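Subject: Structure for your files, with notes

Dear colleague,

I am passing on the structure we spoke about, and my notes follow it. Please read them with the model open beside you.

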Amino acid sequence: MSNSRSRAVMEVKIDNLMRQVEKHNCLVKRTYALEQDVAVVKAEIENMRKGQG
């Protein structure tokens, strides 16, 4: 009986960790996309500044 209870607790902990990892991975993907967008905006701003000069 103790084995099955320990297994159940481990499964719950693993499920929680998997959810946390998925959230982290989503955050990393969103951050990467934002960094790419910022790079594009910076390039566009730099191009506009060069055009005004």
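**What was found**

K42 lies in helix α1, where helices (H or I, at least four residues) and strands (E, at least two) are DSSP runs numbered from the N terminus. This is a predicted model, in which local features need pLDDT of at least 70 and side-chain atom pairs count only at pLDDT 80 or more, while totals for chains, interfaces and linings use all residues. Residues are numbered from 1 along each chain as its sequence is written, and side-chain values use heavy atoms, with hydrogens and water left out.

K42 counts as exposed because its relative accessibility is 58%; on this scale buried means under 20% relative accessible area, exposed means over 50%, and partly exposed is in between (1.4 Å probe, protein chains only). The C-alpha atoms of K42 and N3 are separated by 58 Å, the two residues being 39 apart along the chain.

The chain as a whole

The protein chain holds one helix and zero strands, and helix α1 takes in residues 2–52. The radius of gyration of the protein chain is 23 Å, whereas a compact globule of 53 residues would have one near 10 Å; the radius is taken over C-alpha atoms, and the globule rule is 2.2 Å times the number of residues to the power 0.38. Along the principal axes, the C-alpha atoms fill a box of roughly 80 × 5 × 5 Å.

K13 and K50 are 37 residues apart in the chain, with 55 Å between their C-alpha atoms, and for K50 and N25, which are 25 residues apart, the C-alpha separation is 38 Å. A33, which also belongs to helix α1, has its C-alpha atom 41 Å from that of S6, 27 residues away along the chain.

Surface and charges

Of the 53 residues in the protein chain, 0% are buried. The chain exposes about 5400 Å², of which carbon and sulfur atoms supply 59%; accessible areas come from the Shrake-Rupley method with a 1.4 Å probe, and for residues only the protein chains shown count as cover. K13 is exposed at 55% relative accessibility and K50 is exposed at 59%, whereas A33 is partly exposed, with a relative accessible area of 37%.

The protein chain carries 10 positive and 7 negative charges, whose mean positions are 8 Å apart. Here Lys and Arg count as positive and Asp and Glu as negative, without His and the chain ends, and the place of a charge is NZ of Lys, CZ of Arg, CG of Asp or CD of Glu.

A salt bridge and a nonpolar patch

How many salt bridges does a search of the whole structure find? The search finds one, a salt bridge being a side-chain nitrogen of Lys or Arg within 4 Å of a carboxyl oxygen of Asp or Glu. It joins the side chains of E11 and R7 at 3.2 Å, N to O, and these residues lie four apart in helix α1, about one turn of the helix. E11 is partly exposed at 40% relative accessibility, while R7 is exposed at 56%.

M10, I14 and M18 form a nonpolar surface patch, with about 320 Å² of accessible area together. Patches are made of residues with over 30% relative accessible area and no salt bridge, like charges being joined within 9 Å and nonpolar side chains (Val, Leu, Ile, Met, Phe, Trp, Tyr) within 5 Å. M18 is itself exposed, with a relative accessible area of 53%.
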